[in-house]
Amino acid sequence: MIRIRTLIFAALLAVIWPLQISASDSTLERWPEGDHIRVHDPLGLAAEEAEKIYDTLLDRMVAGYAKSGLDHVDYRAWRRLNRAPYISDQHGARFVNVYINDVAVDFFSASDEQQMAVGSVVIKDSISAVESGGIARGPLFIMEKMPAGFAPDFGDWRYTMIMPNGKLFGMTGGTGSRSVEFCGECHLQVAPRDHLFELPEEYLKTAE
Ligand code: HEC
């Protein structure tokens, strides 16, 4: 009996599995070369599919951010903390990825007592997805730890947001400073972790 059931199961798998693969392949094929990608149900994308889309977009995302002429906009060689893009409701229904520079090694142990070192940079890039099916490059979010006294109420973090075309939306203490005040205010919720939110555990890279 067991063998028959196993056989039936294997036969079913053999039929279903290729169907699934060809479904995602054809989705891939239909992606045009431009910046905008259209997929069915983007907010329900599986992690692997989101990762494939991210792969195709990353270089163009960085090229866009680089037009700002600002520092830290090419973070591709940095340590990425998540294994696939995950949806961040807090940054406007976007798939996001988080990277840290060499100085930000204490990301996971940051606390009131152990603040991040000056020069730590945490980057979050984003892909925006809307329910109608459109997927496009999203803004870049940067947190940089500045010397004590820079912004004492906000852990001395400098918040920057850069639009996908390289336009600077705002930077604490610089152009558009007021437009990024809301960043620090929301991140106050996690002041005891040096203003850093945790990433969803199921998306964390393991073995690093
Ligand atoms: C309404 C709350 C809220 C606002 C406003 C907000 N953030 Fe965040 N931010 C979060 C949350 C929650 C996370 C972690 C989980 C996630 O991505 O959803 C996060 C994560 C981050 C990270 C990754 C480091 C970390 O804390 O995990 C960066 C960098 C970041 N935000 C930058 C910004 C910048 C720059 C702005 C303003 C343009 C901003 N944020 C505005 C809530 C917010």
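Guide: The account below begins with the basis of the model, turns to the ligand and its shell, and ends with some individual residues.

This is a predicted model, in which local features need pLDDT of at least 70, side-chain atom pairs count only at pLDDT 80 or more, and totals for chains, interfaces and linings use all residues. Residues are numbered from 1 along each chain as its sequence is written, and side-chain values use heavy atoms, with hydrogens and water left out.

The protein has three helices and nine strands; helices (H or I, at least four residues) and strands (E, at least two) are DSSP runs, numbered from the N terminus. Along the sequence their order is α-β-α-β-β-β-β-β-β-β-β-α. Of its 208 residues, 44% count as buried, where buried means under 20% relative accessible area, exposed over 50% and partly exposed in between, with a 1.4 Å probe and protein chains only.

The ligand sits in the largest pocket. On a 1 Å grid over the protein atoms alone, a pocket is an open set of points where a 1.4 Å probe fits, with protein on both sides within 12 Å along at least five of seven lines. A molecule sits in a pocket if more than half of its atoms lie within 2 Å of its grid points.

Around the ligand there are 20 residues, of which His91, Lys124, Cys183, Cys186 and His187 come nearest; a residue is near a molecule if one of its heavy atoms lies within 4 Å of it. The shell divides into 14 nonpolar residues, five polar and one charged. In this division Ala, Val, Leu, Ile, Met, Phe, Trp, Tyr, Cys and Pro count as nonpolar, Asp, Glu, Lys and Arg as charged, and the others, Gly among them, as polar. Helix H3 (181-187) and strands S3 (86-88), S5 (121-129), S7 (140-145) and S8 (157-162) each supply at least two shell residues. The largest share, four residues, comes from H3.

A polar side-chain atom of Lys124 lies 2.3 Å from a ligand oxygen atom, and one of His187 lies 2.9 Å from a ligand nitrogen atom. From Phe197, a backbone N or O atom lies 2.8 Å from an oxygen atom of the ligand.

Leaving out residues up to four places away in sequence, Ser88 touches Ala93, Arg94, Val96 and Lys124, a contact being heavy atoms within 4.5 Å. Ser88 counts as buried because its relative accessibility is 7%.

Strand S7 contains Lys145, which is buried because its relative accessible area is 5%. Beyond four places in sequence, the contacts of Lys145 include Gly155, Asp156, Trp157 and Asp194. A polar side-chain atom of Lys145 lies 2.6 Å from the backbone oxygen of Gly155.

Asp156, in the loop between S7 and S8, has phi near 60 degrees and is buried at 13% relative accessible area. Asp194, in the segment after H3, has phi of about 50 degrees and is buried at 0% relative accessibility.

Definitions and conventions:
Polar contact = N/O pair within 3.5 Å; in protein donor to acceptor, adjacent residues only side chain to side chain. 1 Å grid on protein atoms, 1.4 Å probe; cavity = no way out; pocket = protein on both sides within 12 Å on 5 of 7 lines; lining within 4 Å.
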